[in-house]
Amino acid sequence: MITLQPIGYVRTGKRVKFDALHQPEESAQEQHVLEMVPGCGYEDGLRDLAGFSRIWLIWWFHRNTTWRPMVLPPRGPAVRRGVFATRSPHRPNPLGITPVQLLAVEKGRLILGPCDLVDGTPVFDIKPYIPAYDAFPDERSGWTGEVDAALTAPPRYTIQWSAPALAQAEWLAREWQIDFRPRLEELLGRDPTPHRTRRIRRRPDNTFQIGCGGWLAGFTVAGDTVLVTGLEPGYPARLLDQAEHQAIPDHAAQVAFSAHWKVDSREQKNLKKAPFD
Ligand SMILES: C[S@@+](CC[C@H](N)C(=O)[O-])C[C@H]1O[C@@H](n2cnc3c(N)ncnc32)[C@H](O)[C@@H]1O
């Protein structure tokens, strides 16, 4: 048993795991903050760091409680891989590593570029990213190389929105600044087939749904066309009304959505886990 203490916590505003990409999108115009735990001398520890444009964060997947020897990576075909051959959060010691842009060093905090950490993630360590030690771009990259090659090809599926679904998405973006259309289109454009990690399921009526943060989107597939048919809150209204569910992401927006669009979420089989993880 080894005891570690976080040296800081990131503030990324990404409330659910769905909001955080699988690896940072380097070109995104994002700024995040790593707040160092005060009173521990870490300000001095940050000296000389400002000369580095990139740092490693070593952090804890604190939202995870389980691990599995074989995991289903979110990208690529539905093939399970050994957990140590992946960057999955479901690890026996759930440590994450992210090489992140360092934009500024301020008193007791670091300003970071794009990152793949949810808000409040504990950070255990920071190390400078040193290209001479850390970059080996010509090494073999196993199964991820094959998946990357497939991902650089144009998306196979065309995404269409039904008029009601588009109106719902536009309402959510306008009234609540919630817009998961780009992520949804990217996921469904690559592969809309059922996939546990991508949270795509076949519904009993043979249509499909995909989980998007705290929301669900229904869709159908015909040939190479995906038609998004409607959005739903991840939780049925009867649960949204209960006090113990007030903390779910976008709770107020989900209640307002149900009322405005007269849509109630279908009962999901595994309500505790499924919709908003
Ligand atoms: C695939 S992992 C990769 C993390 C890291 N770059 C690595 O390679 O170790 C990134 C995903 O972890 C999830 N995630 C981010 N912060 C988390 C946290 N604190 N607890 C659990 N999962 C988290 C998000 O869903 C994100 O898409």
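Residues are numbered from 1 along each chain as its sequence is written, and side-chain values use heavy atoms, with hydrogens and water left out. Because the model is predicted, local features need pLDDT of at least 70 and side-chain atom pairs count only at pLDDT 80 or more, while totals for chains, interfaces and linings use all residues.

To the contact (heavy atoms within 4.5 Å), domain 1 gives 16 residues and domain 2 gives 15 residues.

Between domain 1 and domain 2 the buried area is about 1100 Å², 54% of it from carbon and sulfur atoms; this is the accessible area (1.4 Å probe) that two parts lose on being put together, summed over both. Across this interface, 4 residue pairs are in polar contact, both residues at pLDDT 80 or more. Such a contact is a pair of N or O atoms within 3.5 Å; within protein, one must be able to donate a hydrogen and the other to accept it, and residues adjacent in sequence count only if both atoms are side-chain atoms.

Around the ligand there are 20 residues (a heavy atom within 4 Å), of which A20, H62, R87, I97 and D116 come nearest. For R63, a backbone N or O atom lies 3.1 Å from a ligand nitrogen atom.
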